Amino acid sequence: MPSQTLLGLTENQFSLQDEGGRQVWLKPFGDAGQRLCDAANLVIRGEGYATEEEAAREGERWRDVISRAFARAYLAADFGDRQPVNMVTKAGEKFFSNLMGHPVLAHLSGVTVFEDQPGLRFLGAPNAEGCRLPSEERNRLVFAQAARLHDPLNGRERVAFDLYSGSFFQPSADSRLLMLTMAIETLLVRQSRSDGAQAHVTAMIEATKGNTDLTDSERNSVRMSLKDLRSESIGQAGKRLARTLKPRTYAGQSPDAFFSRCYTMRSVLTHGHVERPDRREVDILAASLALFVADLLAGRLLTEFPD
């Protein structure tokens, strides 16, 4: 096994943990001699766990560590959770093991737990395209700090990270902006409106119940729409979340003003406006929005490792 103390991304692996018999490192998938900064397919490899449950739990935790680090470095990662399932069966693994003369396991997306064996190989590899190579020294520091912090993602953040990463592989600025606004929406937790506002909404709901000019279907539809008004709007929740990024600016605007601009553009793109917005404007917004979403996902790294 190569040395576990290499820290430069110009090398062929990056040590995340080496203590208490446990080792965790980031390395290229397949090509052992490839440099990390040149690789499009990476794997987080860990060993030294006593049980399958412990290994699975730690695998999920280290996935979160890498996600935070990628977001802080403005990189994308597709963990393959939504990709087609590998159809190689256990019988297929046994067939290829006999054929190749060494143990073979089917490549699976996400976290995979297995017992290490001499000569073990994985069958198949994920496809990836689109590679960005920021400062290698900065990336080294970000990954090292992420490994020290162990700042886990919650369920909303994991979905948002997948959408953020997926935006990097979209062919148009329009689709990139839409995926990035979707990522923000998954992070929103809408708060209740004031007692006075909720009382007003309740009064409107009661008035709708007794309105005989409406059909049953119309009454039910209006009541459901009114019930949603008990919580703040998506725009309000988005601006509140955006303000957590102050004093940073995006495209020359405060975070909340920038969010409003992007969300307005999202509405223009999805609500059938005949005059479509200028492509260059959408492209500029999408590029800045990717930084905005990454900063939201960076968690404690954003303050522990400022620009």
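## Exposure and the predicted model

A residue is called partly exposed when its relative accessible area lies between the buried range, under 20%, and the exposed range, over 50%. In this predicted model, K209 has a relative accessible area of 41%, so it counts as partly exposed. E206, at 45% relative accessibility, is partly exposed as well.

## A pair within one helix

Side chains of opposite charge can pair when their charged atoms come close. E206 and K209 form a salt bridge in which the closest N and O atoms are 3.4 Å apart. Because these two residues stand three positions apart in helix 6, about one helical turn separates E206 from K209.

D283 and R176 form a salt bridge, and their closest N and O atoms are 2.5 Å apart. D283 is partly exposed at a relative accessible area of 27%, and R176 is partly exposed at 22%.

A salt bridge also connects D228 with R190, where the closest N and O atoms are 3.2 Å apart. Here too distant parts of the chain are linked, with D228 in helix 7 (residues 216-228) and R190 in the loop between helix 5 and helix 6, 38 residues apart. The relative accessibility of D228 is 41%, which makes D228 partly exposed, while R190 is partly exposed with 31%.

## The wider set

The count of salt bridges in the model comes to 19. Among the residues involved, R22, E54, E58 and R61 are linked in a network of salt bridges.

Technical notes. Residues are numbered from 1 along each chain as its sequence is written. This is a predicted model: local features need pLDDT of at least 70, side-chain atom pairs count only at pLDDT 80 or more; totals for chains, interfaces and linings use all residues. Side-chain values use heavy atoms; hydrogens and water are left out. A salt bridge is a side-chain nitrogen of Lys or Arg within 4 Å of a carboxyl oxygen of Asp or Glu. Buried means under 20% relative accessible area, exposed over 50%, partly exposed in between (1.4 Å probe, protein chains only). Helices (H or I, at least four residues) and strands (E, at least two) are DSSP runs, numbered from the N terminus.
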